[in-house]
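My notes follow, entry by entry.

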Amino acid sequence: MYQEPSPPAPPRSRVRGFACAVAAIALGTLTAATSPPDAGTRTVADPAAVVREWNAVATDTIKTSLGPRPSGQAAIWEGFVSVAVYNAVVGIEGGYDLYKWHERGPAEASSAAAAATAAHDVLLTYFPAFRGRLDTAYADSLAALPAGRARDRGVDYGKRAAARVIELREGDGRFADVPFTAAPAPGVWRPTPPAFQPFIDTWLARLRPLLLVSPQQFRPGGPPALSSAAYAEDVRELKAMGGKTGSGRSARQTETALFFSGNLVEQTQTAVRDHAARHRLGIAETARLFAAVNAAATDAVVTAWDAKFHYGSWRPITAIRLADTDGNPATTADPAWEPLLVTPPHPDYVAGHTTVAAAVARALTGVLGTSHIDLYVPSEATGTTRFYGSADDFNRDVVDARVWGGVHSRTADVAGCRAGTRVAAWALDHYFQPVARNGTRPSPPTRPARLTEPKCGAGTG
């Protein structure tokens, strides 16, 4: 990612890539419940697959546990697992700074064993009800590796890497009682139909970030005043393009709204696994890619929920149905208006989808050193896959999708996208950096000239 005074020491995965050769066999035998088809089958030339496979196990475990929960919570657990796996791998392989840890592993230890152990132990700590499937997957992982000192040392180091992250997350504010007490008024969020659920997972607004200094570090300025022309334009666009019936959307625009209507975290995990496999990233590079993407996404969720909780702005369905109370002569009420998608139970500003998507895109461009992200993103909602060659295209579609779905104002989408970009840029300036041959990292870091900040689309696509 950065220009250095001396080139980074190559991770040992490059110079002793066959140390995990026998690990090619058994991780492909993970149960269907924990190993999606895209997880990849490890070969002697692909020891990095252990990281991809345990990302798939983590994603399935988190998804199964949370169910169709319309929250950013999934990104939190992905972040915890990914930084533990990152430490377990790069602490042995070298090449990159450890995450909030200084304990390097034995040079002869198996980084594959360490990665599987770290992922298993973190997941088991936070999802103990899944012990059976996690233990089965873990046994398969270890059985794929040659028994002996290297595996044993890898297991021991992986346990310490997991324990370190678990220790760091103690008392971080998870599941704290954080009541949203703002009284209903023009512009203020309140539960929305059809379920009229309360503000979900408010504790995310106060969660201690993985990387940032505080949840409000990148809190954007507030939404436009109800009396403003910008607010009226948001309402006009939503009424015209976001309705369940009678909208001006094209078939492609409707498909875009539906494409990004589901579990964005799962979509991005699948896409990053595929990217890492196709580009044959080594085990250290793969672990770093997931750590950067998922830690940035974790803090993007915290940033988004902080803004949602702080500003508490009403959703489009409320704004349109109660437009006769907003004091803006340019808006008109439609008490029967319904959005294309069901409105999630949390405020409009800022949009969690676009905050997380932008953080993922910026983390990818930062790690890869190019704005060409080369992602194949699937959608369970539509059963289709889209290719995104650039971060700008990806961000644009996610921004548009939430407007066309009728669940977010464009202002909330763009503000979230910009906040997520800032979160990830800051994160990569401070974490997951390459280490030079002398064991130090360059300071200050400089970005490659070819890397430009991803943009947050504001067009109508």
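**Entry 1: serine 82.** I started with serine 82, which sits in helix α3; helices (H or I, at least four residues) are DSSP runs numbered from the N terminus. The model is predicted, so I kept to its limits: local features need pLDDT of at least 70, side-chain atom pairs count only at pLDDT 80 or more, and totals for chains, interfaces and linings use all residues. Residues are numbered from 1 along each chain as its sequence is written, and side-chain values use heavy atoms, with hydrogens and water left out.

Is serine 82 buried or exposed? Serine 82 has 7% relative accessibility, so I logged it as buried (under 20% relative accessible area, with a 1.4 Å probe and protein chains only). I then listed its contacts (heavy atoms within 4.5 Å). Leaving out residues up to four places away in sequence, serine 82 touches Phe290, Ala291 and Asn294.

**Entry 2: cavities.** I counted 3 cavities of 30 Å³ or more. A cavity here is a set of points, on a 1 Å grid over the protein atoms alone, where a 1.4 Å probe fits but cannot get out; lining residues have an atom within 4 Å of a point. Grid points are joined across faces, edges and corners, and the volume is the space filled by probe spheres set on them.

The largest cavity holds about 80 Å³. Which residues line the largest cavity? I found Val51, Trp54, Asn55, Glu78, Val81, Ser82, Val85, Ala287 and Phe290. Helices α2 (49–66), α3 (73–93) and α10 (283–311) each supply at least two residues of this lining. Helix α3 gives the most, with 4 residues. I sorted the lining into 6 nonpolar, 2 polar and 1 charged. For that sorting, Ala, Val, Leu, Ile, Met, Phe, Trp, Tyr, Cys and Pro count as nonpolar, Asp, Glu, Lys and Arg as charged, and the others as polar.

**Entry 3: isoleucine 62.** Isoleucine 62 lies in helix α2. Its relative accessible area is 2%, so it is buried. Not counting residues up to four places away in sequence, isoleucine 62 touches Ala74, Trp77, Glu78 and Phe127. I also checked isoleucine 62 against leucine 123: 61 residues apart in sequence, 8.7 Å apart C-alpha to C-alpha.

**Entry 4: nonpolar cores.** Nonpolar side chains tend to be buried together in soluble globular proteins. I took a core as a set of buried Ala, Val, Leu, Ile, Met, Phe, Trp, Tyr and Cys residues joined through side-chain atoms within 4.5 Å. The largest core has 115 residues, and Val51, Trp54, Leu211, Phe394 and Phe432 have the most contacts inside it. Helix α10 contributes the largest share of this core, 18 residues. Apart from it lies another core of 12 residues, including Tyr231, Trp314, Trp337 and Val403.

I followed up leucine 211. Beyond four places in sequence, leucine 211 touches Tyr99, Ala295, Ala296, Asp299, Trp426, Ala427, Tyr431 and Phe432.

**Entry 5: cysteines.** How many disulfides are there? I counted 1 disulfide (a pair of cysteine sulfur atoms within 2.5 Å). Cysteine 417 and cysteine 456 form it, with sulfur atoms 2.0 Å apart. Cysteine 417 is in helix α14 (residues 410–430) and cysteine 456 in the segment after α14, 39 residues apart. The torsion about their S-S bond is about -85°, so the disulfide is left-handed. Both cysteine 417 and cysteine 456 are buried.

**Entry 6: alanine 425.** Alanine 425 is also placed in helix α14. At 10% relative accessibility, alanine 425 is buried. Its C-alpha is 8.1 Å from that of alanine 359, 66 residues apart along the chain.

Definitions and conventions
1 Å grid on protein atoms, 1.4 Å probe; cavity = no way out; pocket = protein on both sides within 12 Å on 5 of 7 lines; lining within 4 Å. Buried < 20%, exposed > 50% of the residue type's maximum accessible area, 1.4 Å probe, protein only.
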